[in-house]
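Reader: I have a structure to look at and some questions about it. Could we go through them one at a time?

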Amino acid sequence: MSLYDLFPPEFFKLSVPLSAYLILSAILFTIGVATFLFRRNVITVFMAIELMLNAVNLTFVAFSNHFGKVDGQIFSFFVMVVAAAEAAVGLAIILMVFRTSASLQIDDFDTLKN
Amino acid sequence: MDLVLFLTFALIAVACALNMALQRHPVSSALSLVGVMVSLAVLYVLLGAEFIAAAQLVVYSGAIMVLFIFVIMLLNAGAEKMTKKAGTAHFLGFPLLVILLAFSAWVITNATSAMKPVKFGAFTGGGPREVGWELFTRYLLPFEVTSILILIAIAGAYRLANKEME
C-alpha cells in the first residue's frame, strides 16, 4: 500500500494555486496573532512575533515566484535580518526585565502603568 | 507531486503552529516553532527560492531559535501559569481573529483567482547567484544600512545584558 494507490494518478499532476500559499500564510499569521493575544509567557509571545514574520516572508516569496522577479526574496531576506536583530535586542530586554522583576508573566510587567 | 509536497508541509506547518500556541512549556513551543520554520523552508524550495530556504534554515531555525533556547535555559522558564487578567482579549480576541482570517481568505481568493498556478521549476531566479547580484547592485544601500542595524543591535544587546542591577 503506497501513497500512489490512495489517490488517482491525476492528483499527482495537479499544480498548486498561488492562493493556497497566501492562505497558508494568512492561517499562520492568524495563529501568531492568537498566540500573541492569549499567551501570558513573555518568551512565547516573542516566538509568536517570529511566527508572524515568517508568515509574511512566505507571502513575499510566493509573489516573487508569481511575478518572476527576485525582489520579493530580497525583501524577505531583509525581514530575516531585522528579525535576527530584533530577537537579539528583545531577548536581552527580557533578561533584564527578569533580573528586576523575577517573573516571565506579562501581567507582572506593569510598572509603567498609570 | 507539487500538490502532495505542498499539502504535506503546509499541514505540518499549521499543526506545528497550533502546537506552539497550545503548549504550556516554552521549550515545547520553541521546538514546534522549529518545525514551522523547517517546513516553510521546504515550501520556499518549492517556490524556487533556494537561497532564502537555506537562509531560513541557518538564520531562523539555527541562530534565532538557539538564542531562544539559551534564554529559556538561562531564565529556567517553567510551564506558564494562566491568569485571569487578560480582559478584553479573551472575549473579543477569538471572534475578531476568525473575522480576520475569513476576510483575508476571501480577499486572497478573489484577488488571485485569475493568477497562474505555481509550478515547481518554472521560476529559477532564486539561487544565491541571482540574489547576490541584486543584493550588491540595486539593493546595495539597504544592505549596508542593515549591516549598521546589526551592529547597533549587537551593541545594544551587549549593553542590556551587561547592565548591573541597581
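Reader: Which residues touch the most other members of the largest nonpolar core?

Author: This is a predicted model. Its largest nonpolar core has 69 residues. Those that touch the most other members are Ile43(A), Leu51(A), Ala17(B), Val36(B) and Tyr44(B).

Reader: Which element gives the largest share of this core?

Author: In chain A, helix 2 (18–38), helix 3 (42–67) and helix 4 (71–101) each give two or more residues to the core. The largest share, 13 residues, comes from helix 3 of chain A.

Reader: Why does this core lie between two domains of chain B?

Author: Chain B is divided into domain 1 (1–78) and domain 2 (127–166), and their C-alpha centres lie 22 Å apart. The core lies between them because residues come to it from both domain 1 and domain 2 of chain B.

Reader: Which residue of chain A is in contact with Tyr44(B)?

Author: Neighbours within four places in sequence are left aside here. In chain B, Tyr44(B) is in contact with Ala49(B), Ile52(B), Ala53(B) and Gln56(B). From chain A, the contact is Val61(A).

Reader: How many nonpolar residues are on the side of chain B that touches chain A?

Author: The contact takes 64 residues from chain A and 76 residues from chain B. On the chain B side, the largest share, 12 residues, comes from helix 3 of chain B. By class, that side has 8 charged and 11 polar residues, and its nonpolar residues number 57.

Technical notes:
Residues are numbered from 1 along each chain as its sequence is written. Chains are lettered from A and ligands numbered from 1 in the order in which they are written. This is a predicted model: local features need pLDDT of at least 70, side-chain atom pairs count only at pLDDT 80 or more; totals for chains, interfaces and linings use all residues. A nonpolar core is a set of buried Ala, Val, Leu, Ile, Met, Phe, Trp, Tyr and Cys residues joined through C-beta atoms within 7 Å. A residue is buried if 20 or more other C-beta atoms lie within 10 Å of its own, exposed if 12 or fewer, and partly exposed in between; C-beta atoms are placed from the backbone. Helices (H or I, at least four residues) and strands (E, at least two) are DSSP runs, numbered from the N terminus. Domain bounds come from an automatic or database domain assignment. Two residues are in contact if their C-beta atoms, placed from the backbone, lie within 7 Å. Ala, Val, Leu, Ile, Met, Phe, Trp, Tyr, Cys and Pro count as nonpolar, Asp, Glu, Lys and Arg as charged, and the others, Gly among them, as polar.
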